[in-house]
Every structure is written in C-alpha cells, then in structure tokens.
Amino acid sequence: MAPLRILIVGCSIAGPTLATFLLLSDLPAAEKPHITILERGSSIRKQGQNVDIRGAGVKIIRKLGLEPAIRAATTREIGVQFVDADNRIWTSNQADKTGQVSTPTADIEVLRGTLADICYRRSKSVSEDVQRNGGAGIEYIFGDHLDELDQDGSQVHVHFAKSGQRRSFDLVVGADGLQSGTRNLAWGAEGEKDRIKRLGMYAAFFSMPKGETDSDWRRWFHAPGRKWIMVRPSDDRDITTVLMSVVNEKDDRLLQVAAKGREDIGAQKRLMQEYFQDVGWESKRILDGMMQTKDFYYDFVGQVKMDKWSKGRVVLLGDAGYCASPISGMGTTLAFTGGYNLAGAILQHPTDPPTAFAQYEEEMWPVVTRAQKLFPGAPHSMAPETVWGIWTLHAVFYVIKQSGLVWLLFNIAWVVNWLGLEKLLYRIGGPPANTVRVKEYGFRNLPEWDGIDR
Ligand SMILES: Cc1cc2nc3c(=O)[nH]c(=O)nc-3n(C[C@H](O)[C@H](O)[C@H](O)COP(=O)(O)OP(=O)(O)OC[C@H]3O[C@@H](n4cnc5c(N)ncnc54)[C@H](O)[C@@H]3O)c2cc1C
C-alpha cells in the first residue's frame, strides 16, 4: 500500500501533535504517511496568553518527551488572588503543584505561543529523523491557506489561495482553530452560525511590562457591568500578561470588531478602552500597556458544536471541531488527546477513513461533552453585573476558603486519584482532564527533550 498523503491545516497545538504521532508507529520510514502541514501565519504564531496542561494532556506530553521542555518554559504562577479596587486580597487559591488535583492554576501553566513552538519543533525533529531513514516526513507550508476544497470518493482536492497550487490528498485534517477555514469549506459557510455557540463573552489578550504590583500570583479584578481584568505572570520575568473580558449580549460592536480579526486591531483596542477606562484599580496602567502592546489579540468566546467531526475524507481536530472555550480550561487537553487519538485511529484503519473517524469520534465524544459543560451559569456567574454581585462573589469565595471546604474537597480528590479510582472521580464530577483515558496504540515513546536545539 502506498503511504497515506495527509494534509493538516493549522500548526499550533493539535496539528503538530497529530503529525508527530503519525510518524511514531513501527512502520518502516518509507511506509509512514507523507504529511503536509499548512499554517496561515508566516511563522509559528508566538501569541496568546496563559494556557494550562492537565491530566491526560500531561500523559501525552510525556509520551512525546516534552515534559522537561514545557516545565522549563512555564510561567511559574503560584495561584489566584481575587482583588478589589484597592488591591485588597479577598481570597487566594494556591495551585496544587503535585498535579493530582485540578485547581484554577494548574501544575503546568505555559504561554500558548511558547507551547505551539515546542510542539512544532518536536514534530520537525521527528520528521528529520524519518527523512534520514528514507521517509518523506513532514512538509511545512507557512503563510498560505486553502480557498477551495472538493472531494470525490478517493481523494480531497484543494487549492492554495496564495501560491495558486492545486494538490490532492488522501485525507485533510482541519486543525485550524475556532474560526476554522477547513470547516467552512467542507461543511459550508451558511451553517457556521449553528455550529458556533457564542457565549456572549469577549476577551482581549496582550502582554506588557511588569509593574511593581505584579508577582507570580494571578490577580483577578472584577468591575460592575460584567467586566473583569486578570493579570498573570509570563515566562519572561519582565513581562505581565493581561486578559480583559466583557460579558455583554446587547452591544453589537463587540462582535463587529471581532469579525474584523487582525485587520482592525485599532478598533478593538478603542472599544476595550471605552469599556475599561472608568473601572478603577490598575486600569490606567493596563490600558496604557494595551495601547502600546504589539501582541494584542481579541475575539469572541465560543464553543464549536457539531453532530459529526468528519465529512468523507475531511476531519476536524481540536478547537476547529470541538472548541470548549478558554473558560473550560480544557483547550490544550482536547488538542493533545484529539491529536493522539486521531493518529491512533488513522494508523489502525489506513484504508478505511469512515471507520478510523468513527473510532476517533467514539473515543473523543464523551471527553468533549464533559469539557463543554461549563461552570454553572458561566460566563455570567463569573462576571457580576453590580457592586453587590461582586461583593457576594468575593464573600462566597472567602467563606469557602475559610470554612476549610476547599481543603476537604482537595484531599478527597487527591486520595481518589492516588488510589487510581478515576472512574469514581468521573462519576462524582471530578475534573475531566484528570479522568480522560489515554488509550494505548503502540506508538514509540520519545526520549525526554529540554527544548534546546543542539
Ligand atoms: C493567536 C491565538 C491566541 C490564543 N490565545 C489563547 C489564550 O490566551 N488562552 C486560551 O485558553 N486559548 C487561546 N487560544 C486557543 C488555544 O490555543 C486553543 O484552545 C488550544 O490550544 C487548541 O489548539 P488548536 O491547535 O486546536 O487550535 P489553535 O491553537 O487555535 O490553532 C489553530 C492554528 O491554525 C492556524 N490557522 C487558522 N486558520 C487557518 C487557515 N485558514 N489556514 C491555515 N492555518 C490556519 C492558526 O494560525 C493557528 O496556528 C488562542 C489561539 C490562537 C490562534
């Protein structure tokens, strides 16, 4: 059988993870899949704020030998503090650094762009190894995207918008994020509004110079009108990262500026300034930082919900197929486990895409369903409308902390985990990432790598 020709669209977390595992089977190098990764950015987009890796995600980065590289690049966040306009700390929640229990700050917190770069470089080194042994490995194409996609029973035919090339592949994987172009081309643009569930929340991410009050704690400030600001440590000791959020379903401008993407960052910044200029706390310093930053990113917060993640020979992976939103805390876990399970399914059924994709869906569906169940009432419950609502939120967190309830739950979860009773944890509503199964497909485990190219 000729090696499979697979196009993966998107080179962030899910795309390179899939590509790497596809090359880790015991097939001879010449028989391994021929992979092309297409990324719209002109290079790896070292953008995006703090993301965490939990449970199953940690097991998968261990299989890829990436744990030392990722741990060396973490932001070293200690935990979360809820602060008021006078910067008084109402309560703080320290991270569980054993990784056993899911606290708001995870054991591994890393910047999204740094993580994407590590995943890309690992895929490249595995590809070079395959090429040295006579295989095709991975071809990377940056700075282009697809504008046509068409399939017959045996191939997918695509057109590259910038280079103008026409090429055909056995399979196409859309790993191109929340606003996936692959999903749009294969399923049709007209159905997008039914597939994307907007949560009425908008978020701006950026980084700025570290100030005197910034530390290794995440500080979370709430303002009336369903607005909040979070400042967090970065992997660069001189930099602070900021996440600003507005929950509002009435102001159409919030969605209109999001639709313009990177074409009108000026309008996005101006709108955020309008929303946050009177909120007090450290907003003046933060808005000054926002106006000067070079890495501003703004979008709506939403989830992708579909009946099926494949259509013929096209399949979706990660945020493109089943984004759970940043507030789920599950984005990277789904990207890692999705890439891993899709690679396993394709390699087990190389000549039968419907069976491979059905197996991938069966493995991932319960995990995604669970991940997309958000905290009750979220995102509104996390962003009170009034001063009294904010006071109540702080008071509730304060009482929970002082009552020792957190400590009790923490210890129960730790013991359940330690005894390996993950199914029990799953039933009683434990953190999904810790209970996601990592099935064995016989991939070769990679040696540990510290992230330094020698
Ligand atoms: C710039 C950016 C910033 C983000 N910031 C945060 C954050 O601060 N916090 C958080 O929790 N999550 C953030 N996310 C989402 C988070 O990275 C994902 O939930 C998670 O990592 C899942 O990864 P993924 O690989 O499925 O998708 P993504 O990480 O979204 O990656 C998709 C990739 O596809 C590329 N792409 C998009 N469209 C096309 C196209 N038409 N053709 C070719 N390539 C395309 C993108 O440039 C990107 O590299 C961000 C995503 C992006 C792209």
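**Around the ligand**

I began with the shell around the ligand and found that strand 2 (34-39) and helix 11 (331-348) each supply at least two of its residues. Here helices (H or I, at least four residues) and strands (E, at least two) are DSSP runs, numbered from the N terminus. I kept in mind that this is a predicted model, where local features need pLDDT of at least 70 and side-chain atom pairs count only at pLDDT 80 or more, while totals for chains, interfaces and linings use all residues. Residues are numbered from 1 along each chain as its sequence is written, and side-chain values use heavy atoms, with hydrogens and water left out.

How many residues surround the ligand? I noted 26, and the closest are Ser 12, Glu 39, Gln 49, Arg 112 and Asp 319. A residue is near a molecule if one of its heavy atoms lies within 4 Å of it.

I sorted the shell by class and got 11 nonpolar, nine polar and six charged residues. For my own reference, Ala, Val, Leu, Ile, Met, Phe, Trp, Tyr, Cys and Pro count as nonpolar, Asp, Glu, Lys and Arg as charged, and the others, Gly among them, as polar.

Next I looked up atom pairs. Ser 12 has a polar side-chain atom 2.6 Å from an oxygen atom of the ligand. For Arg 112, a polar side-chain atom lies 3.2 Å from a ligand oxygen atom. Ala 14 uses its backbone instead: a polar atom there is 2.9 Å from an oxygen atom of the ligand. I then checked the cover: the ligand taken alone exposes 920 Å², and the protein buries 90% of that (Shrake-Rupley method, 1.4 Å probe).

I traced an open sheet of six strands in the order 7-2-1-11-18-17, with mixed pairing. Two strands pair if DSSP finds at least two bridges between them. Strand 7 (138-142) and strand 17 (310-311) stand at the edges with a single partner strand each, so one side of each has no neighbour in the sheet.

Strand 11 (residues 171-174) and strand 18 (residues 314-316) run parallel, and three bridges join them. I picked out Val 173, whose bridge partner in strand 18 is Val 315.

**Helix 2**

Why is helix 2 (residues 55-63) largely enclosed by the rest of the structure? Seven of its nine residues are buried, so that is my reason. Buried means under 20% relative accessible area (1.4 Å probe, protein chains only). I listed Gly 55, Ala 56, Gly 57, Val 58, Ile 60, Ile 61 and Lys 63 as buried. Just after helix 2, I found Gly 65 with a positive phi of about 70°.

Key:
Buried < 20%, exposed > 50% of the residue type's maximum accessible area, 1.4 Å probe, protein only. Polar contact = N/O pair within 3.5 Å; in protein donor to acceptor, adjacent residues only side chain to side chain.
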